[in-house]
There are 4 protein chains.
Amino acid sequence: FYYLNAGDIRPLHRRFDRFSHKGTYGKVLMIGGSFGKMGAVILGCKAALRCGSGLVSAFVPACGVVPIQSSVPEAMVETSMGSEFISLPLPDLGRFTAIGIGPGMGVGKVTREFFEAFLNSYRGPAVIDADGINLLSGDPGLFSLLEGKVLTPHLIEFERLVGKCSNHLVRLEKAKEFAVNFGCILVLKGANSVISLPDGRQLVNSTGTKYMATGGSGDVLTGMICSFLGQGYSPEDATTCAVFHHGLAGELAAMSRWRGTIASDIVESIPQTFVKLGIS
Amino acid sequence: FYYLNAGDIRPLHRRFDRFSHKGTYGKVLMIGGSFGKMGAVILGCKAALRCGSGLVSAFVPACGVVPIQSSVPEAMVETSMGSEFISLPLPDLGRFTAIGIGPGMGVGKVTREFFEAFLNSYRGPAVIDADGINLLSGDPGLFSLLEGKVLTPHLIEFERLVGKCSNHLVRLEKAKEFAVNFGCILVLKGANSVISLPDGRQLVNSTGTKYMATGGSGDVLTGMICSFLGQGYSPEDATTCAVFHHGLAGELAAMSRWRGTIASDIVESIPQTFVKLGIS
Amino acid sequence: FYYLNAGDIRPLHRRFDRFSHKGTYGKVLMIGGSFGKMGAVILGCKAALRCGSGLVSAFVPACGVVPIQSSVPEAMVETSMGSEFISLPLPDLGRFTAIGIGPGMGVGKVTREFFEAFLNSYRGPAVIDADGINLLSGDPGLFSLLEGKVLTPHLIEFERLVGKCSNHLVRLEKAKEFAVNFGCILVLKGANSVISLPDGRQLVNSTGTKYMATGGSGDVLTGMICSFLGQGYSPEDATTCAVFHHGLAGELAAMSRWRGTIASDIVESIPQTFVKLGIS
Amino acid sequence: FYYLNAGDIRPLHRRFDRFSHKGTYGKVLMIGGSFGKMGAVILGCKAALRCGSGLVSAFVPACGVVPIQSSVPEAMVETSMGSEFISLPLPDLGRFTAIGIGPGMGVGKVTREFFEAFLNSYRGPAVIDADGINLLSGDPGLFSLLEGKVLTPHLIEFERLVGKCSNHLVRLEKAKEFAVNFGCILVLKGANSVISLPDGRQLVNSTGTKYMATGGSGDVLTGMICSFLGQGYSPEDATTCAVFHHGLAGELAAMSRWRGTIASDIVESIPQTFVKLGIS
């Protein structure tokens, strides 16, 4: 186990120069949402923008267009055929430099088909969260498609994926195995999130606060990882930076709000983390 | 009558530790809203989130989905069959650790049927407000189902419930009787809100300001009580903490706004109350 | 001509005490809006809330519900039969302590019928603005129904009402005549707004800034007058207070924004005016 | 090449006096948007308002009404026949003092027809951006209609317009030629935006930051140019002022946000630029 500190994070960040343009900063797609659960995508898109993504699009069922357009004017929205749930066909995924998939998506049949087709056809950088992980849990045959992907389960989602664990050490051991076996990065979210890497290393995050245990907090992390992936970071660097900045943003948000902290506060605190860590 | 002060509040709060997750902080449901009256649910959901609830869902008629999703991305929304009013069937209520019901709901026939079914089948922690109280007023046969519940009438709603009162002392006496007879907690909202407990005690709140007499202020209180109930507080502790923090949030909001204070300001001041009272 | 100053305003305000409740602060209705012009009602409702109204409702065509509910959770919304324009029948107007009518309403046939019916049947305190004034201009037969009402034309609307004026002194003279002849209060909005009273007096406002010449600024004033009318002020006091506070709010908003000031900034500065003028 | 500095900007601005009214400050129209791409219009409208426009309207497909009305209450919305894309007929364009066209509009057949009709019939001040430029690229026969117009391509849009360029000097040379040949103003957006004027001069902007390379930043500039055009500035002055203030607003926004800066932050920083530059 290696404990991450601020000094580890700085060298991982890409530097951008004066002649960058919004294309340099990547074009990411957040896939998720279903009827009544569009907020997850809103939070993810905002978080991706706040981490510096040049262009952010959402792919949602049609019922999500108005809430997203009313809430995030910087994002573009594309819609699935299904009005309430994401369903096939896949959109053209080759246009994006990274994809985040899962938040608020549901686990119904048409969405499962969509998710499987996504895994079978998309080879680029991606982060899989929430219902994406729940869909994986039901279908271990898909695990072989996870190479190079980032997964971000919380404790319950993780145990759905690998089975019940008797204690946290067992959980961490299984997380390591999962990452090694399937060549993916697995972030086990919790009090100290642990990043398991395909080479067997495990990094323990040192930022964060109990006040981040609030609905939408995980969707913010998904947007952040996706943003760094889309900016050309390696999956390891993108995940490490996102997890560390996410925890730090939560600390900053909670400083004046304690248990009154909500996910939107975490998003709004992301910019300060770049200043605080000196990431120009 | 006992006057509440800050020293009474601190020991009532649950403390959460570093290893809490959003499940620890409860999963609450706000049931309410009707065509043109969805703001009450928006305010209630925001207030619940600001008190620390881990997961907040709304149950509303379909017309409420877009406004809520556009306003509170942290909340999830489930819809009733009725497009403009809440109607049967009940959703699965067993998934929630507390429920708030009533704000903006209306008192029509289909909503009355829903409300009666709710009272007959839900045995968990709940707060009943606004049109929930108005529906009770029309049907005293339901009073026997109020055991363990929290009611939050303002003066007019209270007199609908128990009949006209010649003065405030009579009102307070009837409030005590109601709480004792039906085993519920009754918050009589006003200049100094009074909490009547099932054992006959009555607690008088010492926080608040005249500037809180504004539309939506009561919906905020409902969300706050629901939040603490959902975090595992006893009905007495949840109500006492919520009433005190609500008044304090109103004081903080009004400090720089006087009569220009609106309900959203009260919501946004809730986090400060935890800091001010030292409730980590 | 009498120049208003802060010392004139203070004694006009009603004082509310600790035992006030939201009913004490009035229940107002903003009637207006049409397809693509709902923002006027949003601004009016927000302004009314920020002046201390206890309960604020909007009456709009159905297309206005989602934008208002998404923007002002403190307001309730009722809808006209027409989906894009306000049309008959009238809602029950007796429930309100004051009504504002006109902003964004349009001047089409069905709305004209609604407006005429409103003037013929409503005897309570009201402020008429924007398209309400334009509708009046086309039908001088309605002028006799204006007794006790408040009209708030800008220069162009005013000349539609009374005919072209060769200079501002002529305009002011015609404003005086109009107020005296029809027993109404007429606010001629401009660099220094002038309030013409039914007894022939004319009050010149001393607050305001050129930076308030921005879309929606007038809608904010309408909401403010309506709010004070609904709180039980006489039409003269309500108008005088609203005009003065509106100008002061604009000054405060513009202090750090200069020509970048927008109507929403004026609304958000209203609370400060109560503090600054010491209106508890 | 001439490098713009603050001293150049001040004398270009119009001064408005106490007796201005919202008509003095112009009435502008932002034409753009399509299904899922309404945010561009929201940002443009907000930017126009923040630069001092008196009245701002949007012309969008019907699907854009709710997001715009929910996000910018100060703006009015008119809709095209097409529900998802802008299509003929043209609205009455003569009511506006300037028009911005292009952001988020798409390049489909019906929108192309609309755009061509616009160019053929509208002779007033206008700024053409984004998909407006993309539509031009496909149809050089339209270039002769660009006299007096302002075009704001980023590097990729520019090369679509004039063909691939081997380096930035070639690009600048082609930009000069384009402006001279077609009598228009062309802003080549980038690290240092360059304004090419019809008389062959080229002005290099000195404000801005790499943190402005974020989705929607260009839409903000379009709204700003349109605002100054509508306030009666010459196309050269409007463009020069807008480009300089846009960069400065970006610097101010980024000061505390670094790469966390988003387009909405730039909009909200516009008012400060007037204060900072002393443009009363």
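In chain D, Phe16(D) sits in the loop that runs between helix H1 (6-9) and strand E2 (27-31). The model is a predicted one.

Start with the burial of this side chain's residue. Phe16(D) has a relative accessible area of 7%. Buried means under 20%, so Phe16(D) counts as buried. Which residues does Phe16(D) contact, leaving aside its neighbours within four places in sequence? Within chain D they are Thr24(D), Tyr25(D) and Gln231(D). From chain C come Lys210(C) and Arg259(C).

Now step back to the chains. Two copies of a chain are related by a rotation about an axis and a shift along it. What rotation superposes chain A on chain B? The rotation is 90°, the shift along its axis is 0.0 Å, and the RMSD is 0.0 Å. That is why the relation is one of a four-fold axis. In chain A, Ser70(A) has the C-alpha nearest the axis, at 4.4 Å.

Chain D and chain A give another such pair. Of the contact residues of chain D, 6% recur in chain A; the copies use different surfaces.

The interface of chain A can be read against chain B. Only 6% of chain A's interface residues are also interface residues in chain B, so the copies meet through different surfaces.

Technical notes
Residues are numbered from 1 along each chain as its sequence is written. Chains are lettered from A and ligands numbered from 1 in the order in which they are written. This is a predicted model: local features need pLDDT of at least 70, side-chain atom pairs count only at pLDDT 80 or more; totals for chains, interfaces and linings use all residues. Side-chain values use heavy atoms; hydrogens and water are left out. Copies are superposed by least squares on the C-alpha atoms of residues with pLDDT of at least 70 in both. Contact means heavy atoms within 4.5 Å. Helices (H or I, at least four residues) and strands (E, at least two) are DSSP runs, numbered from the N terminus. Buried means under 20% relative accessible area, exposed over 50%, partly exposed in between (1.4 Å probe, protein chains only).
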